[in-house]
Every structure is written in C-alpha cells, then in structure tokens.
2 protein chains.
Amino acid sequence: MTTATSISEPHRRTRRDHATETAEDYVEAVADILKRRTKCRVTDLARRFAVSHVTVNRIVERLQKEGLLATQPYQPINLTQKGKRLASKCRDRHEIVHRFLLAIGVDEETAAIDAEGIEHHVSPRTLQRFQELTDSQSTLTRPGSSSRP
Amino acid sequence: MTTATSISEPHRRTRRDHATETAEDYVEAVADILKRRTKCRVTDLARRFAVSHVTVNRIVERLQKEGLLATQPYQPINLTQKGKRLASKCRDRHEIVHRFLLAIGVDEETAAIDAEGIEHHVSPRTLQRFQELTDSQSTLTRPGSSSRP
DNA sequence: CTCAAATTTTAGCGATTGCTACAATTCTGT
DNA sequence: ACAGAATTGTAGCAATCGCTAAAATTTGAG
C-alpha cells in the first residue's frame with residue numbers, strides 16, 4: 001500500500017460538483033415554480049436564489065446547453081424531459097432528508113435550511129436509512145423538548 | 001412581509017460558501033496530516049484532494065492571506081492559531097456526523113464519504129441532535145430490518 | 001397605437017478553482 | 001560537492017458564479 005492513508009473515494013472534484021449542485025438546485029426550483037404558477041421566468045429564479053437576474057441568465061444558458069432546461073430568447077423557462085427527471089429525483093431526495101431531520105427532532109426552520117445544504121451530499125445508501133428511520137418513527141422524535149420558538 | 005414566499009433564510013450565496021468549505025477542508029486536512037507526520041507539504045494536500053499541486057499552492061496562498069495557514073516559500077505548511085481553532089471545530093463536527101451515520105446503520109465507507117460532504121451543511125442545532133441520538137444509541141442501529149409493519 | 005415600465009440579454013469586471021507547461025528551489029544519492 | 005530527482009512556484013488558460021451598466025425586447029397603461 002503506497003499511499004493508503006485514507007484518500008481514495010472521498011474528496012470530490014469540487015468545481016465540477018458545485019456545478020452539479022447548481023444544476024440540481026435550479027431544476028428543482030424551476031419544477032417547484034412551475035407547479036405554483038403557469039410559467040417560470042428569470043426573475044422568479046433570481047428572487048428565489050437571491051442573486052442577480054444576470055447570474056440566473058447565464059446559469060440557465062448553461063443548463064440549456066446541458067439539456068436540462070429549454071427556453072427561447074425573452075421567453076419563460078421550461079424543463080426538458082431530462083430536466084424533469086432530475087428535478088423529480090432531487091425533490092424526492094430533498095423531501096426524504098427534510099422529513100428525516102424533522103423526525104429526529106430538528107425544528108422546522110432549521111430542517112428546511114439544513115436539508116437544502118445536505119441533500120446534494122447524501123448517497124443512496126444513507127438516503128435509504130433516512131427513509132427507513134423516518135417511516136419507523138420508533139423513538140427518534142424525542143428531543144428534550146423541541147427548542148424554544 | 002413583502003415577499004414571504006419561502007425565500008428568506010435558505011439558499012446561500014454559493015460562491016462565498018464554497019470558498020469557506022474549501023478553507024474548512026484544508027485546515028482540517030493540514031491538522032490531520034500534521035498529526036501523523038512531522039510536517040505538511042503541498043504534495044500531501046495535492047494527493048489527499050486529488051488535485052494538482054498548483055491548485056493547492058494557490059489555495060494555500062489564499063488561506064495564508066486569510067490568516068488560517070502559515071508558510072514560507074518552499075517551506076512546509078503550518079496552522080495559525082486561528083487555523084487550529086477552525087480545524088478543531090471542523091474535526092469535532094466531522095466526527096459527530098460520521099459517528100451519527102454509523103449509528104443509524106450506514107456502512108463505514110459510505111459514512112466516511114457522506115460525512116465529508118454533509119459536515120459543512122449541518123447547523124449547530126442539527127449537530128446537537130446527531131450527537132444526542134448517537135450517544136443514546138436507542139434503537140437506531142437496526143439496518144436491514146425492512147420488514148413491513 | 002404609442003410610450004413607459006418591466007424583463008431579458010449582452011458586455012465586461014473580479015474571485016475561486018481546475019489544468020498544463022515551465023522555471024526555481026530544495027533534497028538526495030554517489 | 002554536484003547532478004539528477006523531487007518539490008514548489010509562476011505564467012497563462014478555461015469554467016463557474018457573483019456583480020454593475022447598458023442595450024434589446026416584451027408587456028402593459030393610457
């Protein structure tokens with residue numbers, strides 16, 4: 001074993017992974033917005049992510065090239081089939097994480113925030129355990145008494 | 001509440017947050033390497049993160065400007081007091097997440113990988129629940145029991 | 001319809017992180 | 001001590017994401 005300290009699998013190529021996270025956040029957001037309103041526009045995404053519309057525009061452009069989003073100049077944004085599939089997967093994963101956090105006694109607001117950050121880093125195996133433990137809500141929900149409101 | 005759709009707290013300014021994650025990963029790595037060997041060098045970090053030594057070099061330079069790392073040209077890398085404090089905090093958090101994943105029945109390898117990704121996104125409150133549930137290892141460790149009730 | 005408002009796009013800047021190629025320095029074996 | 005190996009630093013490129021300013025387009029009010 002030449003360099004078997006503990007390097008192998010972990011430690012992602014951050015740059016690429018961050019771009020992937022962005023893609024997931026965006027398709028998830030577009031899907032969510034389309035569920036509430038009739039169309040999703042650059043401005044909607046800019047508000048949601050609290051960034052400028054210019055930033056959104058460029059990211060949408062990239063995701064279009066990657067075949068996740070579809071749009072025409074000055075027109076609303078739609079999901080491709082590929083985008084819909086990814087959005088659905090992300091949504092499921094997101095909800096499992098969110099419900100799990102609630103199940104172990106994390107308050108609603110914290111759970112919402114943490115789920116956003118955690119969702120991209122949960123492997124299928126861990127996700128499955130989250131799911132199982134949320135379903136069989138054995139004795140998890142037992143925080144000394146949920147925090148103070 | 002002007003725009004209280006559900007935007008407020010979540011959704012970080014990714015760029016800044018990613019830089020912060022990198023900082024945490026690096027001080028944590030430097031601390032870990034210094035615990036095993038006598039000194040930490042650029043090459044060690046390049047191997048660990050599977051990136052080129054050039055990338056490491058530039059990041060070390062940035063973290064030095066931020067007062068987390070200390071080094072001289074062509075010399076090994078050390079942690080400043082501030083860097084040590086951050087590394088210690090990250091290490092604790094990392095271990096809590098890791099142990100929690102093991103406690104809920106995730107296999108060792110998956111737990112190691114996921115802990116790396118999750119650690120940066122766990123709030124103090126969620127971390128506390130992780131800790132509490134790991135300690136009181138009630139009925140968590142029960143993988144494979146996918147029996148339907 | 002027409003003109004102003006809202007929205008979207010383009011141009012251009014900076015920061016961070018990835019790379020290769022090459023130069024500079026330190027380390028090592030003889 | 002010295003030459004070659006290993007390590008570290010520099011130069012310069014690209015991708016992603018953040019911004020402001022200004023141009024282009026669409027929308028909407030009168």
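## Two helices meeting in chain B

In helix α4 of chain B, the residues R93(B), I96(B), V97(B), R99(B), F100(B) and A103(B) meet L127(B), F130(B), Q131(B), L133(B) and T134(B) of α6(B). Two residues are in contact when their C-beta atoms, placed from the backbone, lie within 7 Å. By class, this contact of α4(B) with α6(B) has seven nonpolar, two polar and two charged residues. Here Ala, Val, Leu, Ile, Met, Phe, Trp, Tyr, Cys and Pro count as nonpolar, Asp, Glu, Lys and Arg as charged, and the others, Gly among them, as polar.

How do the two helices lie? Helix α4 (residues 81–103) and helix α6 (residues 124–135) of chain B have axes 9 Å apart and pack at an angle of about 50°. Axes are lines fitted to C-alpha atoms, for helices over the stretch in contact, and angles run from 0 to 180 degrees between N-to-C directions. α4(B) and α6(B) are therefore oblique to each other: angles under 35 degrees count as roughly parallel, over 145 as roughly antiparallel, 65 to 115 as roughly perpendicular and the rest as oblique. The crossing of α4(B) and α6(B) is left-handed, a word used if the near helix is turned anticlockwise from the far one by less than a right angle, with right-handed used if clockwise.

## About the model

This is a predicted model, in which local features need pLDDT of at least 70, side-chain atom pairs count only at pLDDT 80 or more, and totals for chains, interfaces and linings use all residues. Residues are numbered from 1 along each chain as its sequence is written, while chains are lettered from A and ligands numbered from 1 in the order in which they are written.

## Chain A and its helix pair

Chain A has six helices and two strands, which run α-α-α-β-β-α-α-α from the N terminus on. Helices (H or I, at least four residues) and strands (E, at least two) are DSSP runs, numbered from the N terminus. Of the 149 residues in chain A, 34% are buried. A residue is buried if 20 or more other C-beta atoms lie within 10 Å of its own, exposed if 12 or fewer, and partly exposed in between, with C-beta atoms placed from the backbone. Among contacts in chain A between residues at least 6 apart in sequence, 52% join residues at least 24 apart.

In chain A, the axes of helix α4 (residues 81–103) and helix α6 (residues 124–135) come within 9 Å and cross at roughly 50°. The contact includes F100(A) and A103(A) from α4(A), and L127(A) and F130(A) from α6(A). α4(A) passes α6(A) in a left-handed crossing.

## Beside the DNA strands

Which residues come nearest to DNA strand C? Of the 22 residues around DNA strand C, they are R41(A), V42(A), T43(A), T22(B) and S52(B). A residue is near a molecule or strand if its C-beta atom, placed from the backbone, lies within 6 Å of it. α3(B) gives the most to this surface, with five residues. The surface near DNA strand C divides into nine nonpolar, eight polar and five charged residues.

DNA strand D has 22 residues around it, of which T22(A), S52(A), T14(B), R41(B) and T43(B) come nearest. Two or more residues come from each of α1 (14–36) and α3 (53–65) of chain A, and α1 (14–36), α2 (42–49) and α3 (53–65) of chain B. α3(A) gives the most to the surface near DNA strand D, with five residues. That surface has nine nonpolar, eight polar and five charged residues.

A50(A) is in the loop between α2 and α3 of chain A. Its phi is near 55°, a positive value in a residue other than glycine. A50(A) counts as exposed because it has 12 C-beta neighbours inside 10 Å. Y74(B), in the loop between β1 (69–71) and β2 (77–79) of chain B, has a positive phi of about 65° although it is not a glycine. Y74(B) has 7 C-beta neighbours inside 10 Å, so it counts as exposed.

S136(B) sits in the segment after α6 of chain B. From C-alpha to C-alpha, S136(B) and A103(B) are 9.8 Å apart in space, and 33 residues apart in sequence. E95(B), found in helix α4 of chain B, is partly exposed, with 14 other C-beta atoms within 10 Å.
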